[in-house]
Amino acid sequence: MTTAEQTPTADYRFKAEVKQLLQILVHSLYKEQDIFLRELISNASDAMTRLHFEMLTNRDVLDPDAELAIRIEIPEVGEDEPKKIIIKDSGIGMTKDELITNLGTIAQSGAREFLAKLDENDELDPSEVIGQFGVGFYSVFMVADEVRVVSRSYKKRAKPAAWVSDGSDEFHIETADKADRGTEMHITLKKDAAEMASEWKLKQIIKKHSDFVRYPIYIGDEQVNQQTPLWRKRPSEIETEDYSNFYRQMTMDFEEPLLTVHFSSDAPVNVRALLFIPAKREPGILASRKDPGVMLYSHNVLIQEYCTDLLPKWLEFVDGVVDSEDLPLNVSRETVQNNRLMRQLGKMIKGRILRELKKLADDDPEKYAQFWGEYGRYFKEGIAIDPTAKDDVLPFFRYHTSKSDGDLTSLDGYLERKPDSQTEIYYVTGDSVTSVANSPHLDPFKARDLEVLYWVDPLDVLIAPGLMEYKETPFKNIDDADIELPETEDEAKEDESEATLPEKAFNQFVGRCVTALGDKVIEVRASKVLKNSPVRLVAPADAQNKEMDRIQRLLNQDYEIPKRILEVNRSHPLVANLANLVENDPDNELINLGIKQLYDSALIQEGLHPNPADILPRIQQLLTLAAAQADQT
Ligand code: ADP
Ligand code: MG
């Protein structure tokens, strides 16, 4: 026998952060007192789900045939006595030790986070957020002077025990009598919460917060929650608000989902599904569903709470319920994974979700952009992991482009706009839309009014090698030195008019570039395509997987700046001025500094510079010189 078992009652002190939390809850008055019931019902429901899963593999539990249900009672009390309510469940129950740990001494990171949250925002009503921190149980002290938790574990040999506290610094553990499995919360209400001891009031709260709890909630003999699974109803019978309520009760996510998909089918597979795409990728501390996957039901019985085998990984952010009568009730993990039916089911659901997403993209581009910002990375990672996902996900990709003016465009939109003569999908890579928008590689494309996709997400670069083509049109990086573009009228004219730098001066300048940059570059040569930019870096024709260079820089793995060809724009004024200096004042410091700066700027532009901040001292030097020379003139 342990010491605790010898003594019928024992005192324990709450963890410091729980004590602090209780202080707040006990001593303040909050408008949303009601939510204590939601929290206790949600705990009861969790406890029954845990039992349910235990019983899939182990029937040797206490009261195996007891109905899984929540029962609320309002005991009669004398006129002057405090009012009471009792909330009972037939869930997994708690042993004495579990009562001690779960309700008082467990290290409560949730309590800490909760207190921090209150600290940083004093407008916040604690009752609105408490359930989101895994400390929902304590919300009972918003309405209770005393709480007595009597529990009996599903383990046959465990004895019942009681946990008692008035919400002060400590709690007591006592022996208790309880013959059946589960937990009872005996709540002695505070005076100002006495109104809770009314069937009407309790019903109202349950309707509002717990209507879709998956176990019946009884007050007396009457079941008060709807519990008819919403996904089994016909969409035409359902109001938008019902979906919102259901979603909120299921996830405890208080933001409206980005997309709700509800459908049913009887062939080739029977399925009722109600699925959601949450507004935010991160479930956050607030959500009650913390893992990816959908809830899998068969014949209205939950068989898997987080099923990730149904949908591809790149759709794992989809939450909700999939219910199929064709699934056997006793599915194990393995059968779920290898089941032909599951594959059929998965394919069908994936198809439905993508169809609805397409609709969203067509009807509400703004909302779709929100979706893409939140979940685009899943689709990209999807291709990285499984290139065959390309056909499914590429139509959903969105990019900024040289012509999209801040908006996002799809690949289909791009293909539609491109001239028939254009046979490739052009893209340019870099670190951000703004840096890429000024890329020198764009010069010849702007001159020809050709649209170029901006690939500015590291993942764009990562998956580039696997993309190859979209609808039979290959992707093409425009930093390619040998890209073939038709001549523009301007260029034809310029070739004739000798407006550019004379051959000799230009060659002299190129010579200086070679000396100044040494083996940082493979070659320095005149550019045929640059218009507005003085120089650009291009990869030599034999460069292997140029995208890898950028990935390596991002990952910081033994990064070495790759060697490129420096192309110089003969007709750019900056080049002309520097060439002038080379001819007339060859010792001027500005020349070498200028050349090195041009090179570094080009590296940054390419997303290849290991540390852009390194150039700042040189910029200062350049400014000093420029200011001094301006002063002399
Ligand atoms: P959370 O539900 O987020 O874990 P709570 O503060 O609401 O946080 O509950 C704390 C813990 O107490 C639960 O995780 C569970 O282990 C235990 N618990 C609470 N209520 C019950 C109950 N009715 N049956 C069994 N265990 C419960
Ligand atoms: Mg809880």
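Colleague: In which sense do β11 and strand β14 pair, and over how many bridges?

Modeller: This is a predicted model. In the model, β11 and β14 (residues 319-323) pair in the antiparallel sense, over 5 bridges. Within that pairing, A273 stands opposite V322 of β14.

Colleague: Which strand do 7 bridges join to β11?

Modeller: That is strand β10 (residues 259-265), which runs antiparallel to β11. In this pair T260 is the residue opposite F276 of β11. The two strands form a hairpin, with 5 residues between them.

Colleague: Changing topic to the open sheet of 9 strands: what is its order?

Modeller: The order is β1-β6-β5-β4-β7-β3-β2-β8-β9, and the pairing is mixed. The edge strands are β1 (9-13) and β9 (222-223), each of which pairs on one side only.

Colleague: How many bridges are there between β5 and β6?

Modeller: There are 5 bridges between β5 (residues 161-165) and β6 (residues 170-175), and the two strands pair in the antiparallel sense. A161 stands opposite T175 of β6.

Colleague: Which strands does helix α7 lie across?

Modeller: Helix α7 (residues 199-209) lies across β2 (70-73), β3 (84-89), β8 (217-219) and β9. The helix runs at about 165° to β8.

Colleague: And the open sheet of 5 strands, what order does that have?

Modeller: Its order is β15-β17-β16-β19-β18, with mixed pairing. β15 (400-401) and β18 (469-470) stand at the edges with a single partner strand each, so one side of each is left without a neighbour in the sheet.

Colleague: How many bridges join β15 to β17?

Modeller: There are 2 bridges joining β15 to β17 (residues 453-455), and these strands run antiparallel. T401 is placed opposite L453 of β17.

Colleague: Which helix lies across β16, β17, β18 and β19?

Modeller: That is helix α16 (residues 458-467), running at about 120° to β17. Of the strands that α16 lies across, β16 comprises 425-429 and β19 comprises 473-477.

Colleague: On to cavities. How many of 30 Å³ or more does a search of the whole structure find?

Modeller: The search finds 1 cavity of that size. The largest cavity has a volume of about 60 Å³.

Colleague: Which residues line the largest cavity?

Modeller: The lining consists of G293, V294, C307, T308, L310, L311, P312, L315, E316 and V318. These residues divide into 7 nonpolar, 2 polar and 1 charged.

Colleague: Does Q597 count as buried or exposed?

Modeller: Q597 counts as buried, because its relative accessibility is 10%, and buried means under 20%.

Colleague: What is Q597 in contact with, leaving aside its neighbours within four places in sequence?

Modeller: With those neighbours left aside, Q597 is in contact with I615, R618, I619 and L622.

Methods:
Residues numbered from 1 in each chain as written. Chains lettered and ligands numbered in written order. Predicted model: local features only at pLDDT ≥ 70, side-chain atom pairs only at ≥ 80, totals over all residues. Heavy atoms only, no water. Pairing = 2+ DSSP bridges. Helix = DSSP H or I, 4+ residues; strand = E, 2+ residues; numbered from the N terminus. Contact = heavy atoms within 4.5 Å. Axes fitted to C-alpha atoms, helices over the stretch in contact; angles between N-to-C directions. 1 Å grid on protein atoms, 1.4 Å probe; cavity = no way out; pocket = protein on both sides within 12 Å on 5 of 7 lines; lining within 4 Å. Points joined across faces, edges and corners; volume = space filled by probe spheres on them. Nonpolar A, V, L, I, M, F, W, Y, C, P; charged D, E, K, R; others polar. Buried < 20%, exposed > 50% of the residue type's maximum accessible area, 1.4 Å probe, protein only.
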